[in-house]
Amino acid sequence: YSDPLDSLGERTHASPHATQVDVRIDASDADGRRQVALIEVKLSEPGFGECSAYLAAANDARHICRRPGPFGADTTECFQLRNHDREHRRRYDQFLGSLAASPEAPAGCWFRTTSQVMRNVALARVLLERGEADRVIVALCAPDEHRVIWRQWRQSTELLATQGVVFVALPADIVLQYHEDHEG
């Protein structure tokens, strides 16, 4: 799933890329509350995507990337939010709102090495704010043995706790039990 309205302000003429999740499931609970599950599947990837702005040769604010906090604690100068100085600004911070620090916070910008989880949570908040859901579940499906991705998931989800979003771990081994073809 990718937001057709590009509420996060990611798409530009130079880069049509927007945040995508592997699976979106819409449902209602017994009380009629709308629930959306956004599921990221990581079966063979080595980790979550790094911040493209941090790695960009044109990043004139790499010093911001080295500062602690969300977006290096400077949403004005963050090259990621500046959308690589293209047509318009990205809006991740506006949808995430205020985030609380954690003892597990990484050195430097919180999203420098795991920006994909942040973008998925921002997308979840878009769905909430547009009234498409009363609650959004952001889930990771990965093999139990993939220790790196689960460590990144735990660190990221601690930092991204926000109203209306619930984080769920879906170990791939458990998901496989519900499929006839275990190799598929």
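His84 is buried (under 20% relative accessible area, with exposed meaning over 50% and partly exposed in between, for a 1.4 Å probe and protein chains only), at a relative accessible area of 17%. The model is predicted, so local features need pLDDT of at least 70 and side-chain atom pairs count only at pLDDT 80 or more, while totals for chains, interfaces and linings use all residues. Residues are numbered from 1 along each chain as its sequence is written, and side-chain values use heavy atoms, with hydrogens and water left out.

His84 is found in the loop between helix 2 and helix 3; helices (H or I, at least four residues) and strands (E, at least two) are DSSP runs, numbered from the N terminus. Phi of His84 is near 60°, a positive value in a residue other than glycine. Phe71 lies in the loop between helix 2 and helix 3, and its phi, near 55°, is likewise positive in a residue other than glycine. For context, most residues other than glycine have a negative phi. Phe71 is buried, with a relative accessible area of 5%. Pro70, placed in the loop between helix 2 and helix 3, is partly exposed at 24% relative accessible area. Pro70 and Leu99 stand 29 residues apart in sequence, yet their C-alpha atoms are 7.7 Å apart in space.

Phe71 also belongs to the largest nonpolar core, a set of 35 residues in which Leu38, Phe71, Leu96, Phe111, Val136 and Leu160 have the most contacts. Such a core is a set of buried Ala, Val, Leu, Ile, Met, Phe, Trp, Tyr and Cys residues joined through side-chain atoms within 4.5 Å. Two or more residues come from each of strand 2, helix 3 (92-96), helix 4 (115-129), strand 3 (135-142) and helix 5 (147-159). Helix 4 gives the most, with nine residues.

Strand 2 (residues 34-41) runs antiparallel to strand 1 (residues 23-28), and six bridges join the two; strands pair if DSSP finds at least two bridges between them. Asp26 stands opposite Val36 in strand 2. The two strands form a hairpin with five residues between them, and in the turn Gly32 has a positive phi of about 85°.

Attention now turns to the cavities. A search of the whole structure finds two of 30 Å³ or more. On a 1 Å grid over the protein atoms alone, a cavity is a set of points where a 1.4 Å probe fits but cannot get out, and lining residues have an atom within 4 Å of a point. Grid points are joined across faces, edges and corners, and a volume is the space filled by probe spheres set on the points. The largest cavity has a volume of about 90 Å³, and its lining includes Cys51, Tyr54, Cys65, Phe71 and Phe111. Helix 1 (52-55) and helix 2 (62-65) each supply at least two lining residues. This lining divides into 10 nonpolar, one polar and one charged residue, where Ala, Val, Leu, Ile, Met, Phe, Trp, Tyr, Cys and Pro count as nonpolar, Asp, Glu, Lys and Arg as charged, and the others, Gly among them, as polar. The second largest cavity, of about 40 Å³, has three nonpolar, two polar and four charged residues in its lining.

Finally, the count of disulfides (pairs of cysteine sulfur atoms within 2.5 Å) comes to zero. Cys51 is in no disulfide, and the nearest cysteine sulfur, that of Cys65, is 6.0 Å away. Cys51 is buried, with a relative accessible area of 8%.

Definitions and conventions. 1 Å grid on protein atoms, 1.4 Å probe; cavity = no way out; pocket = protein on both sides within 12 Å on 5 of 7 lines; lining within 4 Å.
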